[in-house]
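Please look over the sequence and the structure shown here, and then read the report that follows on some of the local features.

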Amino acid sequence: MSNNVIQHQVIWNRLISVVEEQAQALIRTAFGTATREAGDLSAGVFLPDGRMVAQAVTGTPGHVNSMAESVKHFLKVFPIATLQPGDVLLTNDPWKGTGHLYDITMVTPVFYRDRPVALFASTLHVIDIGGLGPGPDGQQIWHEGLFLPIIKFIHAGQLDQTVLNIVKANVREPAQVEGDFLALVACNDVGARRLLSVLDEFDLPDLLEVGEYILQRSRQAMLDAVRSWPAGSWYSELWVDGYDEPLKLQAKLTLSEQGIHVDFAGSAGFVARGINVVKAYTDAYTSFGIRCLIGADIPNNAGSLGVITIDAPEGSILNAPYPAAVTSRHIIGQMLPDVVFNCLRQARPGEVPAEGASCLWNIQLSGGHILPQYEANSSLKQPRFSITSFSTGGTGARPALDGLSTTSFPSGVRNVSLEILESISPVVFWRKEYRQDSGGAGAQRGGLGQIIELSHGQDLPMELGAAWDRIHFPAQGAEGGQAGAPGRVTLSTGETLSGKGRQVIPPGSHLIVETPGGGGLGHSSQRDAQRLQHDVVNQLITPAAAAELYGYHPKTE
């Protein structure tokens with residue numbers, strides 16, 4: 001191995017460390033719990049032509065993989081030759097960013113020896129962006145909040161206070177949102193300073209040579225990984241709850257010497273509600289699902305991602321046109337790894353997980369503003385708050401392993417501590433526990449969902465922005481495994497709530513959220529008796545379910 005190749009490899013590792021420090025700086029400085037506690041963000045470094053060469057390990061696929069293309073959109077509006085040191089660009093355009101208005105993407109050019117050598121980009125999810133608030137109630141993008149086209153936020157080191165004032169005037173939590181905007185500026189600056197020290201250390205004029213090396217090696221490694229799988233085409237379909245009616249997601253996945261192609265022809269058309277998915281987000285979670293099984297150890301960059309091509313018919317729910325409503329695009333977008341898995345399982349039976357809860361079951365609550373059926377002055381006198389509790393269901397059972405309980409796959413975000421949520425809002429959490437019997441039966445059991453019970457601590461009304469699925473179409477088992485339990489949302493009064501849309505939690509009522517379980521894998525009759533006993537002893541499944549689903553009767557002394 002030549003010294004040049006060794007040096008390139010060392011610099012590659014350094015770049016990954018640089019963008020990870022960039023991401024950690026964002027976590028340390030962000031105001032919103034979505035970033036600070038849950039890690040709902042992305043960070044990366046790009047060549048001057050907009051190709052991503054390294055991304056932080058910390059972050060979500062929806063942010064990272066869609067942000068991989070967004071920098072190219074920035075450069076079309078602001079060509080690199082027109083930028084100068086100290087400039088910072090931003091947008092939350094769903095079609096040119098990461099899929100909905102809540103995600104703010106910032107791009108900072110880096111100059112070295114008076115030449116542009118790279119760009120740093122980062123994304124986070126702000127707590128509020130105005131409009132109707134969280135949830136899929138909007139019918140057009142204009143209902144969903146403040147739309148910021150690709151604009152210059154900082155001009156040669158001078159903050160555009162007008163832009164910031166417009167943002168603060170349009171959101172319910174101006175202090176948190178301002179803090180998050182400035183955190184994005186800071187984390188890109190951290191990345192830029194670290195990159196300049198790398199260029200100095202290795203006496204490099206720019207990143208072009210090492211960048212091409214990284215992208216070519218990554219592309220070839222990904223092609224080799226694809227070629228280790230059988231060539232061919234496989235089909236699958238998956239039904240989801242939809243907003244007013246069920247929707248079908250359909251895919252044809254092809255593996256060949258040239259790479260991987262996924263075609264979503266036959267999927268449902270877009271709808272007049274905020275569950276639509278922009279193409280960038282479809283690409284992000286489709287490629288992530290593939291990368292979980294093919295080339296999982298290959299760094300994520302423009303080279304490895306370029307081996308995967310994706311088609312989704314324009315006007316479909318997976319390629320929604322402007323100005324479709326897209327706020328809750330995660331509901332359907334995060335189902336796409338399951339669609340991919342159902343194709344790849346046909347290529348390699350016994351090596352692919354079953355379906356899981358998949359889409360996040362975030363509990364989005366707000367109060368202190370005018371609510372339907374309540375006297376306006378009374379509502380406005382209440383403490384104003386907006387919180388998001390990142391909540392999850394169970395993953396599908398895995399080859400030789402049970403599914404993971406209450407785990408945010410495929411998003412990868414962490415759950416936010418209930419104590420933190422209680423400290424920043426009047427919400428009280430009364431219960432958070434595993435949901436018995438929710439994992440699908442199988443030789444490998446699906447992961448369990450959870451039960452969360454909460455209320456307003458002062459018995460005041462509050463608004464729920466529900467954005468959930470897997471209530472009518474639970475996660476399916478595979479290869480003889482059974483489906484996981486569907487999700488359910490109720491009030492302590494016994495009333496059942498909808499899985500989607502804004503709804504009021506009345507004074508004195510408790511909200512009870514039961515998240516879905518993952519599907520089982522393999523026939524339940526093949527489950528090991530010791531594992532069954534462990535499940536019963538630890539109250540993951542009831543003795544009645546063990547007898548009915550597994551034919552298991554614990555020994556009595």
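Y434 stands opposite Q450 in strand β15, and β15 (residues 450–456) is joined to β14 by seven bridges, the two strands running antiparallel. Strands here are DSSP runs of E with at least two residues, and helices are runs of H or I with at least four residues, both numbered from the N terminus; two strands pair if DSSP finds at least two bridges between them. This is a predicted model, in which local features need pLDDT of at least 70 and side-chain atom pairs count only at pLDDT 80 or more, while totals for chains, interfaces and linings use all residues. Residues are numbered from 1 along each chain as its sequence is written, and side-chain values use heavy atoms, with hydrogens and water left out.

The strands β14 and β15 belong to an open sheet of four strands, in the order β14-β15-β19-β17 and with antiparallel pairing. Its edge strands, each pairing on one side only, are β14 (427–434) and β17 (488–491).

Within this sheet, strand β19 (residues 511–514) contains E514, which is buried, with a relative accessible area of 9% (buried means under 20% and exposed over 50%, with partly exposed in between, for a 1.4 Å probe and protein chains only). The side chains of E514 and R435 are joined by a polar contact of 3.5 Å, a term for a pair of N or O atoms within 3.5 Å of which, within protein, one must be able to donate a hydrogen and the other to accept it, residues adjacent in sequence counting only if both atoms are side-chain atoms. Beyond its neighbours within four places in sequence, E514 is in contact (heavy atoms within 4.5 Å) with residues including W361, Q450 and R488.

| Strands | Bridges |
|---|---|
| β3 (residues 88–91) and β6 (residues 151–155) | three bridges |
| β6 and β7 (residues 158–159) | two bridges |

I154 in β6 is the bridge partner of V88, and in β7 the bridge partner of I154 is L159. A hairpin is formed by β6 and β7 with two residues between them, and A156 in the turn has a positive phi of about 50°.

Helix α13 (residues 529–537) has the buried residues L532, D535 and V536. On the other side of α13, Q530 and V537 are exposed. At the N-terminal end, D528 caps α13, with a side-chain oxygen 3.0 Å from the backbone nitrogen of Q530, and just after α13, Q539 takes a positive phi of about 60°.
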